[in-house]
Structures are given as C-alpha cells and as structure tokens.
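Let's walk through a protein together, one step at a time.

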Amino acid sequence: GDESTVEPASKLGRLGGYAQSKWVAEARITSAARRGLLPCTIHRPGLIGSDTVTGSANTNDWLTRFVSGCILIGGYSYSEEKEADINLTPVNHAAAIMLGLSHAYDARWRGACQKRQRRSGRDE
C-alpha cells in the first residue's frame, strides 16, 4: 500500500489486535495532523534486529524465536552459492535515527507553538 496513508478501516477485520491498535493510533495521529493540531510523521521501520554493541535482542520477537529455533534443531544450512538476505535494522541504529528525527520535529513544533502564542497574546 501507499506508505503515506493509513489503510482503510475495512481491512481491520483481517488483522490481529496488535495491528488493529497500530491502525487506530496511526489514524488518530493522521487526523490530528490534518487538523493542524500537531506536526507528525509516522515511521514504519520494518524489522528491527539485535544491538550491534551488546547483542541484546527482543527474545519474544518472532524472528529471534524463529532463528533460535532453527539453530536449536539444526534446521539451517549454509551455502556460498545461495544467499538468503533478511533486511534488519539494528535496534541501536533504529533508536538513534528515531531520536534524531524526534529532535528535528521537536524544534519545528516548538517554533510553531511560539508563533501561535505570540499571535494569541500569550507570553508562555
């Protein structure tokens, strides 16, 4: 689907509770942004992997469990000729990117709030 929009509500029935709650959150945020109540961008980072420094990972994540299970049962093979890539963003990289993006948006939002306060005569 189009990454700039929230999927229609008609597709909710096929989704589980987690995806449904994400849909509601995205729809509410998008609605507030359209009305000019807050500037926002919805980021959907995809698969997030373990930390590149500590190796820490979410042990309840499906991919971590899948890979662990494959290793435990010996259900994997390696071949120089066949590669299987999985695109993962390390959690420490994803956190740094999101933090950087939030600071950029925070500065823009602070500027917008200050302009609104000056126009309304409030001096906060």
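**A guided walk**

At 59% relative accessibility, G46 counts as exposed, where exposed means over 50% relative accessible area, buried means under 20%, and partly exposed lies in between (1.4 Å probe, protein chains only). Before going on, please keep in mind that this is a predicted model, in which local features need pLDDT of at least 70 and side-chain atom pairs count only at pLDDT 80 or more, while totals for chains, interfaces and linings use all residues. Residues are numbered from 1 along each chain as its sequence is written, and side-chain values use heavy atoms, with hydrogens and water left out.

Now back to G46, which sits in the loop between helix 1 (17-34) and strand 1. Along the sequence, G46 and A94 are 48 residues apart, yet in space their C-alpha atoms are 10.0 Å apart.

Let's step back to the whole chain. The protein has three helices and two strands, and from the N terminus on they follow the order α-β-α-β-α. Helices (H or I, at least four residues) and strands (E, at least two) are DSSP runs, numbered from the N terminus. Of the 124 residues of the protein, 10% count as buried.

One of the buried residues is T30, with 18% relative accessibility. You can find T30 in helix 1. The C-alpha atoms of T30 and I42 are separated by 8.3 Å, and these two residues are 12 residues apart along the chain.

How many salt bridges does the structure hold? The structure holds one, a salt bridge being a side-chain nitrogen of Lys or Arg within 4 Å of a carboxyl oxygen of Asp or Glu. The partners are E26 and R44, whose closest N and O atoms are 2.7 Å apart. E26 lies in helix 1 and R44 in the loop between helix 1 and strand 1, so the pair ties together parts that are 18 residues apart in sequence. E26 is buried, with a relative accessible area of 14%, whereas R44 is partly exposed at 35%.

Next, look at the surface. L47, W62, F66, V67, I71, Y76, I86 and L88 form a nonpolar patch there, with about 840 Å² of accessible area together. Patches are made of residues with over 30% relative accessible area and no salt bridge, with like charges joined within 9 Å and nonpolar side chains (Val, Leu, Ile, Met, Phe, Trp, Tyr) within 5 Å. The accessible areas come from the Shrake-Rupley method with a 1.4 Å probe; for residues, only the protein chains shown count as cover. W62, a member of this patch, is found in helix 2 and is exposed, with a relative accessible area of 55%.

Our last stop is the largest pocket, with a volume of about 770 Å³. A pocket is an open set of points on a 1 Å grid over the protein atoms alone, where a 1.4 Å probe fits, with protein on both sides within 12 Å along at least five of seven lines; lining residues have an atom within 4 Å of a point. Of its 25 lining residues, L63, F66, V67, I86 and L88 lie nearest the centre. Helix 2 gives the most to this lining, with seven residues.

Technical notes
Grid points are joined across faces, edges and corners, and a volume is the space filled by probe spheres set on the points.
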